[in-house]
Amino acid sequence: MNGFTGFVLRRTVGTAVTLLAISVIVYVVFYATPGNVAQITCGPRCSPEQVHQVARQLNLDDPLFLRYWHFLQGLVAGQDYSTGTSVQHCSAPCLGLSYQSDQQVTQLIWAKLPVSLSLVAGAMVLWLLLGVGTGVLSAWRRGRFSERVLTGVTLAGTATPVFVIGLVLMIVVCGELRLLPFPQYVALTDDPEQWAWNLLLPWLSLALIEAAAFARLTRASMLETLAEDHIRTFRAYGVGERSIVGRHALRGAFAPVIALNANNVGSAIGGAVLTETLFGLPGIGQELVHAVNVVDLPVVVGMVLVIGFFVVLANAVADVLYAVADRRVVLT
Amino acid sequence: MSEVLLATGAIGTDTSVPAASGVRQFWRRLRTQRAALVAAGVVALLVLVALAAPLLTALEGQDPTTYHPSLVDSARGGVPIGPLGGISGDHWLGVEPQTGRDLFARLTYGARVSLGVALAATVVQVAIGITLGVAAALGKRWVDQLLSRFTDIIVAMPLMIMSLALLAIVPSSFPRPVLVALVIGLIGWGNIARIVRAQTLTLKELDHVSAARLSGWGTWSIARRELLPGIAAPVITYAALLVPSNITVEAALSFLGVGVKPPTPSWGQMLTAADVWYQAAPQYLLLPAGALFVTVFALTVLGDGVRTALDPRAASRLRVGTGRRRESKAAEGGRA
């Protein structure tokens, strides 16, 4: 198979294989744990018999590969769980039940997803605008004082942990200046205006950190393009500097920016966990931290898999976009 | 976050610089960069503070874990008594709200945790990365395939999320800082392995390696004596930027309450409750936040400097076209 369709198909198959491998690794790593899950779930005061009972109830006595097989079955076809007296049907894609609340992990994630998506999507718009804008500006003002200031600021941005920026922003804007109330999540469907106002600070904190990398990248790739022959030809024809930088050199930064954006989805989700915890947004990140603290393995494994899925998907989409944006890329 | 810089291609995996130039040339190139020198000074100072933490706190006459309930106002929720968050001759930077633990002691001991964990994690990452990278490059085809795919998966998983999740399942009897270092180290080696593999594949074809192979050297001797010197430059470059990235991850995990836990102090953990107290004891927020910022900033600048010193070509590629004046002058020259 050749051509663009073949390339997309190969990528799709590769992505599916990667996801399956990730699920095996994650499952084995987490369920072959040295800690005693039944003991932790049962609590510190449980007797050995009670611990044993919990282990049986959670099917912890089955061999690991069998449990993984059941997990996969649940993912594809759904599964029935008996929770004491009643039977709960967990429809596909089923990631299991929470040890703590008996709630379905899929539902749990589904309920929290809008918050996290609001956060990351909004922040992404901001960091692309801020980052690429700063990069263009500093490539345009290259060698001047303003460029040195911008370079310094972006370097400082890469060096600041997201929760430090968030803390400072929250204290200054909400605490001291009282420009905004302390953020509280309002669903987009309830009140779009309040949604945006409340997410403004979380967006900013996440975006400021991520934007720095984009600024550096945009500047570097634009400077590289500016040194190329065709730009000199444009100059010789008398094309204005503004148009050269703003249109022709910027085009050279497209493909790398797409690649970096996909690469950064992982780190942005990590940043989102911190942002959610800091601002008290009830998203996936906050739920994950909670699940980690109470050792709720099905939730932890489910969340890790869903996040891994998003990251791998983002990379696959970026590969395709990259090929579209930069015709020089050889499709393999 | 510096891992991002690496992904931007600011450091290519194609750094085919054998850098036989040696250590002296590296120092000469590093010395010419003022920013990197200042950063190196700051880092040296921080390391000194971390090493001398017991000495410094002994000088102050405090330790990081003793509670001083008499120094906080329990009626007002544990606000430090006295001006500026309880700064006094006994407590140079004031005391922690609620517990009254000495802030100066916690800050200096926190430096030990931050730097220690980050360095240990980097050592683990580099060790795994070099081992698997060289093994993939020199091993049979299926070994390479297996290791490379595994590396791809490791790189795909977000470091923050994976370390957060892994910290849930390890037994709590383990010393926490060691655990955090291990977890970060065991997950974050992917890019080093990729760089080492690429570099080794290039080096493998060079004459001196072929000569060694033809003289009947074993794979292990070739790897150790002919390849390791060649992969040193890109590995050092990448590792220099991994350290600040690891500091950030440790701080983030401790901030979330799953990393280093009290009573062991860590900068990230100190910030967990800092927002509640910023009015009564602003230094409780500003000191750990500032310490984190200065440390990560200095290490990032130093890492940039190390890269420039080790790979001047990559650096000059990034500096292409600096100064429109030079360009226009060149253009005029061309016209004349």
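Is B:Arg194 buried, partly exposed or exposed, and what is its relative accessibility? B:Arg194 counts as partly exposed, at 35% relative accessibility. The legends below describe close-up views of a predicted model.

**View 1. A salt bridge within chain B joins B:Asp152 and B:Arg194.** The closest N and O atoms of the pair are 2.9 Å apart. B:Asp152 belongs to helix α6 (residues 141–156) of chain B, and B:Arg194 to helix α9 (residues 190–204) of chain B. The two residues are 42 residues apart, and the pair links distant parts of the chain. B:Asp152 is partly exposed, with a relative accessible area of 28%.

**View 2. A:Arg216, B:Asp304 and B:Arg307 form one network.** The three residues are joined by salt bridges that share partners. Over all chains, the structure holds eight salt bridges.

**View 3. A:Glu287 and A:Lys112 form a salt bridge.** Their closest N and O atoms lie 3.4 Å apart. A:Glu287 sits in helix α11 (residues 284–293) of chain A, while A:Lys112 sits in helix α5 (residues 105–140) of chain A. This pair also links distant parts of its chain, the residues being 175 residues apart. A:Glu287 is buried because its relative accessible area is 14%, and the cut-off for buried is under 20%.

**View 4. A:Arg219 and A:Glu147 meet through their side chains in a salt bridge.** The N to O distance is 2.7 Å. A:Arg219 and A:Glu147 are both buried.

**View 5. A nonpolar patch lies on the surface of chain A.** The patch is formed by A:Leu117, A:Phe309, A:Phe310, A:Leu313, A:Val317 and A:Leu321, which together have about 500 Å² of accessible area. Helix α12 (residues 297–325) of chain A gives the largest share of the patch, five residues. A:Leu321 is placed in helix α12 of chain A. A:Leu321 is partly exposed, at a relative accessible area of 42%.

View 6. Residues 115–137 of chain A are 100% helix and 0% strand, and the end C-alpha atoms lie 33 Å apart. Residues 195–215 of chain A are likewise 100% helix and 0% strand, with 28 Å between the end C-alpha atoms.

Terms used: Residues are numbered from 1 along each chain as its sequence is written. Chains are lettered from A and ligands numbered from 1 in the order in which they are written. This is a predicted model: local features need pLDDT of at least 70, side-chain atom pairs count only at pLDDT 80 or more; totals for chains, interfaces and linings use all residues. Side-chain values use heavy atoms; hydrogens and water are left out. Helices (H or I, at least four residues) and strands (E, at least two) are DSSP runs, numbered from the N terminus. A salt bridge is a side-chain nitrogen of Lys or Arg within 4 Å of a carboxyl oxygen of Asp or Glu. Buried means under 20% relative accessible area, exposed over 50%, partly exposed in between (1.4 Å probe, protein chains only). Patches are made of residues with over 30% relative accessible area and no salt bridge: like charges are joined within 9 Å, nonpolar side chains (Val, Leu, Ile, Met, Phe, Trp, Tyr) within 5 Å. Accessible areas come from the Shrake-Rupley method with a 1.4 Å probe; for residues, only the protein chains shown count as cover.
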